[in-house]
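Hi,

Here is the structure I promised to pass on.

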Amino acid sequence: MTRRKLIAGNWKMNGLKADGIALATAVAEKYKALEDKKFDMFIAPPFTILDAVADAAKNSGVWVGAQDCSQFEKGAHTGDVSPLMLKDLGCGGVIVGHSERRADHFETNELVNAKATAALAADLGVIICVGETLAEREAGKTLDVVGAQVRGSVPLNATAGKVVIAYEPVWAIGTGKIPTTAEVEEVHAFIRSELAKLLGQDIADKMQILYGGSVKPSNAAELLSLSDVDGALVGGASLKADDFWAIAETVK
Ligand code: PEP
């Protein structure tokens, strides 16, 4: 089964308007100029510059989205941003369940599932993040934790065209440490087997599973060549157009 690769950039809480527009413009120009688009590209700037970044990337083929959304459609939820509002801004998708949201905002699998469900209802694509902490890996609980996250966070109406899973070991995010290729392959294959139980083999076979955590130009080719790794979710290195592009260019 060949799945198209997705290179996604999570800018986190970085970027004022001018920087964001410059970064998005640089990435969008490169992607637009590419004759053979072997991969899809997604960038997730902060809420405050989504509009400007969506505008900068317009007609380039780069997919722009948010880093989080509310589980609610509208109403008395001060400070929250609904999937409908994101759709209205021109977003194509949203990341949910990032480990920084799970840790900083106590997001549970149930909440992540509700957010993903709301995003799908608003016709957004959804990247659902899962991944174990260092303590969980050292205790031999990686597959238990990741399995519970997949079963708890992925809505039962998820389809391969609309939902992407990102495996991001928490201990690899922003640390420069990455799992061995065997560890990445083991977890990705396990996630796909859990997806098959949850959604059926056909959807599981087609669903993209990204790896995230300290992806850099120097390690991207190896990670992206692994079976069941269908792209990358990139944090730090997505803030430099050249690095982000160098990662994408390793897609074969
Ligand atoms: C992330 O935050 O999703 C991420 C993978 O970060 P980094 O690439 O900086 O490790």
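**Ligand site**

A backbone N or O atom of G174 sits 2.6 Å from an oxygen atom of the ligand. Keep in mind that this is a predicted model. On its own the ligand exposes 290 Å², and the protein buries 96% of that.

Side chains make contacts too. In K12, a side-chain N or O atom is 2.5 Å from a ligand oxygen. For H98, the corresponding distance from a side-chain N or O atom to a ligand oxygen is 2.8 Å.

The ligand is surrounded by 14 residues. The closest are K12, E168, G174, S214 and G235. How does the shell divide into nonpolar, polar and charged residues? There are 4 nonpolar, 8 polar and 2 charged.

**Strand β7**

β7 covers residues 209-212. Is each face of this strand buried or exposed? Both faces are covered. I209 and Y211 are buried on one side, and L210 and G212 are buried on the other. Side chains in a regular strand alternate between the two faces of the sheet.

**Neighbours of β7**

β7 pairs with two strands: β6 (residues 163-167) is joined to β7 by 3 bridges, and β8 (residues 231-234) by 2 bridges. β6 and β7 run parallel, and β7 and β8 run parallel as well. I165 has I209 as its bridge partner in β7. G212 stands opposite L233 in β8.

Helix α10 (residues 217-224) belongs here too. Together with β7 and β8, helix α10 makes a right-handed β-α-β unit.

Best wishes

Methods:
Residues are numbered from 1 along each chain as its sequence is written. This is a predicted model: local features need pLDDT of at least 70, side-chain atom pairs count only at pLDDT 80 or more; totals for chains, interfaces and linings use all residues. Side-chain values use heavy atoms; hydrogens and water are left out. Buried means under 20% relative accessible area, exposed over 50%, partly exposed in between (1.4 Å probe, protein chains only). Helices (H or I, at least four residues) and strands (E, at least two) are DSSP runs, numbered from the N terminus. Two strands pair if DSSP finds at least two bridges between them. A crossover is right-handed if, with the strands pointing away from the viewer, the path from the first strand over the helix to the second runs clockwise. A residue is near a molecule or strand if one of its heavy atoms lies within 4 Å of it. A polar contact is a pair of N or O atoms within 3.5 Å; within protein, one must be able to donate a hydrogen and the other to accept it, and residues adjacent in sequence count only if both atoms are side-chain atoms. Accessible areas come from the Shrake-Rupley method with a 1.4 Å probe; for residues, only the protein chains shown count as cover. Ala, Val, Leu, Ile, Met, Phe, Trp, Tyr, Cys and Pro count as nonpolar, Asp, Glu, Lys and Arg as charged, and the others, Gly among them, as polar.
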